[in-house]
Amino acid sequence: MKTSVFDVIVIGGGQAGIPLAHALAEANQKVALIERSHLGGSCVNFGCTPTKAAIASAGVAQLARRAAEFGLRIPIVEVDFPAVLKRAKSIALESRTSLGKTFKKTDNPQLIRGQARIVGRDEAGKFFLVQVNESVLKTKQIVLNTGTRSFIPEIEGIEDVKVIHAGNWLEMNELPEHVAILGGSYIGLEMSQFYRRMGSRVTVIETNTRIASREDADVSNALQKILKNEKIEFRLKAKVASVKTKKDGKIMLAFGDSNGAKTLTASHLFVAVGRTPNTDDLGLESVGVKLDEKGIVETDERLATSVEGIWAAGDIRGGFQFTHTAWDDYRILESQITGDKSRTTRRIVPYAMFTDPELGRVGMTETEARAADKKIKVNCYQMKSNGKAREIGEPTGFIKVIIDAETERIIGAAILANEGAEMVHEYVDLMNADASFTVLRDSVHIHPTLAEAVQSAVKPF
């Protein structure tokens with residue numbers, strides 16, 4: 001068997017693995033990046049890139065339907081669903097191809113295609129052994145960046161039903177007549193609005209008492225009202241007990257509650273109830289890497305695992321599972337492996353839900369702040385009071401800001417508004433600078449802009 005020796009082997013070509021491999025190579029480390037499928041991870045191949053492209057198409061369709069509000073006439077809006085997916089796929093392919101080109105320009109890092117599995121250590125205990133296809137590679141250090149896959153819950157009959165999920169939705173060229181979406185959190189809600197705007201009937205099924213339950217109740221309730229206005233249906237406090245495909249090809253979901261058993265029949269089932277880490281086929285047990293009960297790799301704030309010399313980045317290490325946190329993980333590992341070791345996971349992590357309007361979020365919710373017994377001030381600014389929002393026909397939503405009353409620091413914010421994922425960065429930067437909210441309050445913003453609303457939200461404090 002062929003044997004090669006590396007300083008670092010990165011397993012998985014996701015948003016942390018690729019830039020890290022290049023950065024370590026530039027630091028004179030001999031690096032191999034092993035990828036069994038497509039470069040780019042979930043973000044490029046079925047997540048961020050294609051979903052946002054598809055959501056953009058849905059947004060254009062919805063805006064066209066609202067043409068009369070702007071004094072325009074668009075009598076018919078026709079959706080070509082396969083063409084929408086084709087556009088999304090082409091953008092994803094363009095990004096993936098671009099990533100591949102970066103490895104053709106150099107022999108270090110070396111891109112190796114295949115399934116990687118750790119098979120132990122060499123006799124001297126100096127190197128880890130990694131099997132790829134028919135070869136065994138030696139390496140001093142390993143970075144795990146294998147990501148996650150859609151979690152399919154144990155529901156009676158679900159293994160016999162053709163399920164749509166975050167990993168395969170791009171391959172489903174048929175527009176669902178009626179899609180039941182299991183899960184009322186970020187992926188489920190984004191996709192519910194996408195399918196509805198494409199023309200599907202949509203029912204969201206959620207076990208909690210409200211959707212987006214991580215958020216404050218006023219935020220999630222406002223979001224549900226917005227989606228209900230688009231005729232998205234909701235079944236809350238509902239747990240599916242079984243599913244089956246009927247003779248006519250439709251899918252029947254049965255679930256019970258205190259009022260007795262109930263059913264729902266839909267043409268398609270989309271499951272969005274969480275993610276499962278891709279750690280079950282890596283051979284981690286051969287060297288003793290600790291996992292939690294869900295298969296998540298346990299790491300410290302340096303992203304070191306329980307085994308010295310093995311690191312983890314991205315979704316498989318738990319916590320926030322976002323592309324931007326995975327990308328920042330690469331900077332942490334570059335710092336830890338070849339740098340000054342100063343970067344850690346002690347960081348402020350914003351995130352967004354790309355519904356329309358978007359939800360941009362950073363820091364603590366009001367609920368979390370009060371549970372922590374913090375002395376806080378809270379203000380909500382309605383977007384209908386912002387001139388630009390009214391002028392562009394997007395007055396829906398609000399900005400909620402939470403300030404520590406003792407330090408005058410912003411400790412949390414939620415922006416449910418048009419371009420909310422963009423506007424929230426003003427708060428993110430202020431928090432990273434550890435600056436008083438007065439810096440924002442006393443600054444000058446361009447008029448008319450949506451960014452004025454970000455400032456208006458802190459003026460009452």
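Visitor: Which residues line the largest cavity?
Guide: A cavity is a set of points on a 1 Å grid, over the protein atoms alone, where a 1.4 Å probe fits but cannot get out; lining residues have an atom within 4 Å of a point. Here the lining is Glu 215, Asp 216, Val 219, Arg 361, Met 364, Thr 365, Glu 366, Lys 400, Ile 402, Ala 413 and Ala 414. Strand E21 (398-404) and strand E22 (410-417) each give at least two of the lining residues. This is a predicted model: local features need pLDDT of at least 70, side-chain atom pairs count only at pLDDT 80 or more, and totals for chains, interfaces and linings use all residues. Residues are numbered from 1 along each chain as its sequence is written, and side-chain values use heavy atoms, without hydrogens and water.

Visitor: How much space lies in the largest cavity?
Guide: About 50 Å³. Volume here is the space filled by probe spheres set on the points, with grid points joined across faces, edges and corners.

Visitor: What lines the second largest cavity?
Guide: Its lining includes Ile 55, Ala 58 and Phe 194. Helix H5 (186-198) supplies the largest share, four residues. This cavity holds about 40 Å³.

Visitor: How many residues of helix H1 are buried?
Guide: Buried means under 20% relative accessible area, exposed over 50%, partly exposed in between (1.4 Å probe, protein chains only). In H1 (residues 17-26), eight of 10 residues are buried. Among them are Ile 18, Leu 20 and His 22. After H1 comes Asn 28, with a positive phi near 70°.

Notes:
On a 1 Å grid over the protein atoms alone, a cavity is a set of points where a 1.4 Å probe fits but cannot get out, and a pocket is an open set with protein on both sides within 12 Å along at least five of seven lines; lining residues have an atom within 4 Å of a point.
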